[in-house]
Structures are given as structure tokens and as C-alpha cells.
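Opening the notebook for a look through this fold.

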Amino acid sequence: MGGAVARLQELFEGHRLTPTQRRIAHCLVRRAGDAPFLSSVELAELAGVSQPSVTRFAVALGFDGYPALRRHLREAPGKEAEADDAEHTANEYQQAVAAEIDNLRLLAARLADPAPVTAAARVLAASRPLPVLGLRAASAQARGFAYFAAKVHPDVRLLDEGGSLLTDRIDAAAHAGASALLCFSLPRHPREVLDALDLARGAGLRVVTVADSAYAPVAHFEDILLPAAVGTGLVFDTACAPMLLGRVLLEAMCDELPGAQARLEEFDSRAAERGLFLP
């Protein structure tokens, strides 16, 4: 993908931007032709943010301030880029989907070696109970995993709320015999997750973490870390790859749990008797 839009997106790649900063980035992409000539005030008004947010955005990209960013955009090739842009028809939503597809392809490539997932599944399947941690952005991933895991694992404990109760629940799981904890941690990584994982390790739990990168803040040399990239093309991250990796991990865990198939068949029979689902 060439042109001004492509150069802007390349400029933003590799930077962890806040939702406000992504609004600014998306505004620049939409106004790619005008971007080199917009003042910070004009850009702030177009993006619906404050002028200081525009300055922080430029600094987050590695510039001394917004004037330096604008200078960089003005020095980039222009007219040839506009011709390339005319050939590029994908809008920002399509680009976000395409980027997420790339993340799934990357995950598929990593799964060519199933050993890390198999090792993690073995550790999790052996834990009684099995605490599953996910706060803020990762709470949906943790809840989805825990929902399905409870159908094959005898004691799954969802930890999706922070505060002092989180400490109590990790302690309770350890005292009840837990030997491992599964954590989903996605950007922006809450400091509370780091504290919870330190507590879990201190209690003797083996930590398995699904995170957006092997270099995520939650990475720890003692843990089993399974990376799955998140999409950053929209204002809020998209997490298709971490969700799918969770399902893959669950599949591998079923293979490690004696009687998992029998438990699933029993659930299906009871659901049918109760008319739980529509035909």
C-alpha cells in the first residue's frame, strides 16, 4: 500500500497509542492530503480532542512536538503519493480487518510448534481449582475461557474484578489446592495485574499468560507466555487472535483432562432434557 495514507500508517505502527491518540491518528489518515498543513489547533478541532493531546500525540511518535511532526509530513513525497492513494480503495474499517487477519496468520505460524500450548494446557489441566484472571480489556477473554472451561474442568474460578477481593480470591484458590493460574492480559496492561501475578507466584502458582506480545509488561521468565497480537487500527484494540489462542489452549486442555468428553456429553444430555437451547 503506497501513498500518503500508507506513510501515515507506517508512522503510527509500532507505537502504543492511547484511545485519544488513535482518534488523532485516524483523523490524520482521513485527511491525509491536508495533514502536513494542519495546525495543532485545527487538528485538535477535527479530531475532537484538546490541543495538549495533539502535542502528546506527536511526542508519543518520537517527535519533539507537533511542529516537528508536521515538518516530517511536509518533507514526505506528495504528488506521487496522492496518485497512489487514488488507487487505494480500502477504508479504515477494511484496513483494520485486514490487519487482524494478518494477526491470525501470525498466530497460525506460531502454532506450527504446538509444544508451548501443550505444555501450558498440561499445567492448567492439573490445577484444582483453576483460577482464570482477566481485568479491564482482558476481562472478556477470561470470562469466555472460564465459561467453556467449566464444562470440562471440575473447578474453574473466574477472577475478573480487581481491588482487595482479588488478593483474597487468589489466596483462597492457592489454599484450596490450585497449582496454576491462567492470565489474559491485554493493552493497556493494568498495574494491578502485575501485582496479582506477583502474588500468585509467591503463593507457588505456575502462571500461564496470554498476552499481546512476548515483551508485554506482564512477561516473566518463570511463566509460560503465549503471545497473540492485538489489532490497533481502530480507536480501541481488537483481540481476535488472543481470543482464538484461548480456544486453542482450551482444546489442548481438553486433551489433558481425563473424562472431558464424557462431561461434555453429559452436559449435552442434560441441556436437551431441560430444553435449554432452541432446536
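Which residues does Asn 103 touch, not counting residues up to four places away in sequence? I get Ala 229, Val 230, Gly 231 and Ala 241, with contact meaning heavy atoms within 4.5 Å.

Ground rules before going on. This is a predicted model, where local features need pLDDT of at least 70, side-chain atom pairs count only at pLDDT 80 or more, and totals for chains, interfaces and linings use all residues. Residues are numbered from 1 along each chain as its sequence is written, and side-chain values use heavy atoms, with hydrogens and water left out.

**Asn 103**

I placed Asn 103 in helix 7, residues 92-110. Helices here are DSSP runs of H or I with at least four residues, strands are runs of E with at least two, and both are numbered from the N terminus. Asn 103 comes out buried at 13% relative accessible area; buried is under 20%, exposed over 50%, partly exposed in between, with a 1.4 Å probe and protein chains only. Its side chain makes a polar contact with the Glu 100 side chain at 2.9 Å. That term takes a pair of N or O atoms within 3.5 Å; within protein, one must be able to donate a hydrogen and the other to accept it, and residues adjacent in sequence count only if both atoms are side-chain atoms.

**Helix 7 on helix 12**

I checked the axes next: helix 7 and helix 12 come within 9 Å and cross at roughly 35°. Axes are lines fitted to C-alpha atoms over the stretch in contact, and angles run from 0 to 180 degrees between N-to-C directions. Helix 7 supplies Glu 100, Asn 103, Leu 104 and Leu 107, while helix 12 supplies Cys 240, Ala 241, Leu 244 and Leu 245.

**Helix 9 on helix 12**

Helix 9 (residues 139-149) and helix 12 (residues 240-256) have axes within 10 Å, crossing at roughly 25°.

**Pro 187**

Where does Pro 187 lie? I found it in the loop between strand 3 (180-185) and helix 11 (191-202). Pro 187 is buried, at 8% relative accessible area. Beyond four places in sequence, Pro 187 is in contact with Arg 16, Ala 137, Asp 212, Val 230 and Asp 237. I also looked up Pro 217, 30 residues from Pro 187 along the chain: their C-alpha atoms are separated by 9.5 Å.
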